[in-house]
Amino acid sequence: MAKKPTIISVANSKGGVGKSLVSIMLSVALAKDKKKKVLIIDCDNQGSVRDMYESEKENYEQDPAIEVEELTPRKVQTFLKRFGGDYDYVFIDVPRMTDAKKDNATIMLLYNCDCILIPVIGSEVDVLSTLDFLTIVQEAAVDKKEMGEDLKYFGFINRRNQRKSNEEFSNFMSKQKLKMFNNSLYDLRIFTEPSFHKSLLESAEGKRRFGEFYKEFLQKFKL
Ligand SMILES: Nc1ncnc2c1ncn2[C@@H]1O[C@H](COP(=O)(O)OP(=O)(O)OP(=O)(O)O)[C@@H](O)[C@H]1O
Ligand SMILES: [Mg+2]
């Protein structure tokens, strides 16, 4: 039987919380640092991942060689069955959801996943919509467990524009039964301050702002 990739989604119903950026950063780290084969499936019809990746790629001496595939949500499962075995890790970049509970196409995408990482940004509105999304993920985890499959999920604070203190926020999310990463993600200026380096984790900014977060990502999801 073909090997199964680990399927990961950085997902939240909310738009603009860093889903695509963080998917790219983690993909680059896995490809560069662990020498893994990584694919990002872009299910957002705005096709922003390819553009974002193209500009990020300029920062490296050697191309991180991540593949990007644009697919409608309906086609993902068939694609994974046919080609998933070619990769070690597949990230599914989901679009923002207008009504989280009714967006069945996106919900089905989450059922393909082994790992879901939920970015949360510190504002009341974000938290409320994240709670709806969390319910969906929790239900998916229960359903998958009944089928003998594991779905691990964690939240993390994307510090971008964040005003509330980390601790206050993490405690609130933990009460809602979302286990949070200890490390939040800092404002990554990699896009605006490009610097040539071999790997993301080798650059000063990558080490300082992304290194600990990435380490925790590997540990928490047992990758
Ligand atoms: N930690 C961060 N540091 C710096 N910039 C960030 C960070 N997180 C997100 N951004 C920036 O914020 C913007 C939105 O991020 P991104 O496109 O990844 O969000 P998204 O959740 O995928 O949005 P959408 O729902 O529109 O797909 C982008 O310009 C991205 O570069
Ligand atoms: Mg996006």
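Guide: This is a predicted model. Strand β1 (residues 6-10) pairs with strand β4 (residues 89-93) in the parallel sense, over three bridges.

Visitor: What holds the strands of a sheet together in general?

Guide: Backbone hydrogen bonds pair the strands of a sheet, in either a parallel or an antiparallel arrangement. Here β1 and β4 show the parallel sense.

Visitor: Which residue in β4 stands opposite I8?

Guide: F91 in β4 stands opposite I8.

Visitor: In what order do the strands form the sheet?

Guide: The sheet is open and consists of six strands, arranged β3-β2-β4-β1-β5-β6, with parallel pairing. Its edge strands are β3 (67-70) and β6 (152-157), each of which pairs on one side only. From one strand to the next, the twist averages 20 degrees.

Visitor: Which strands does helix α1 touch?

Guide: Helix α1 (residues 19-33) packs on the sheet and touches β1, β2 (38-42), β4, β5 (115-120) and β6. The direction of α1 makes about 170 degrees with that of β4.

Visitor: And across which strands does helix α3 lie?

Guide: Helix α3 (residues 73-83) lies across β1, β2, β3 and β4, and runs at about 160 degrees to β2.

Visitor: How do these elements follow one another along the sequence, and how many helices and strands are there?

Guide: The secondary structure comprises eight helices and six strands. Along the sequence the pattern reads β-α-β-α-β-α-β-α-β-α-β-α-α-α.

Visitor: Let us turn to charged side chains. How many salt bridges does the structure hold?

Guide: A salt bridge is read from the distance between a side-chain nitrogen of Lys or Arg and a carboxyl oxygen of Asp or Glu, with a limit of 4 Å. The structure holds nine salt bridges. One of them joins R50 and E70, with the closest N and O atoms 3.2 Å apart. This pair links distant parts of the chain, with R50 in helix α2 (residues 48-57) and E70 in strand β3, 20 residues apart.

Visitor: What is the N to O distance in the salt bridge of K102 and D99?

Guide: The side chains of K102 and D99 meet at 3.5 Å, N to O. K102 is exposed, with a relative accessible area of 65%, and D99 is partly exposed at 35% relative accessibility.

Visitor: Why does K144 count as buried?

Guide: A residue is called buried when its relative accessible area is under 20%. K144 counts as buried because its relative accessibility is 2%. The side chain of K144 meets that of E149 in a salt bridge (3.6 Å, N to O), and E149 counts as partly exposed at 40% relative accessibility. Elsewhere, salt bridges that share partners join E54, K57 and D63 into one network.

Visitor: What share of the residues of the protein counts as buried?

Guide: Of its 223 residues, 52% count as buried. The accessible surface of the protein comes to about 11,400 Å², and carbon and sulfur atoms account for 48% of that surface.

Notes
Residues numbered from 1 in each chain as written. Chains lettered and ligands numbered in written order. Predicted model: local features only at pLDDT ≥ 70, side-chain atom pairs only at ≥ 80, totals over all residues. Heavy atoms only, no water. Pairing = 2+ DSSP bridges. Helix = DSSP H or I, 4+ residues; strand = E, 2+ residues; numbered from the N terminus. Axes fitted to C-alpha atoms, helices over the stretch in contact; angles between N-to-C directions. Contact = heavy atoms within 4.5 Å. Buried < 20%, exposed > 50% of the residue type's maximum accessible area, 1.4 Å probe, protein only. Areas by Shrake-Rupley, 256 points an atom, 1.4 Å probe, with all protein chains shown as cover.
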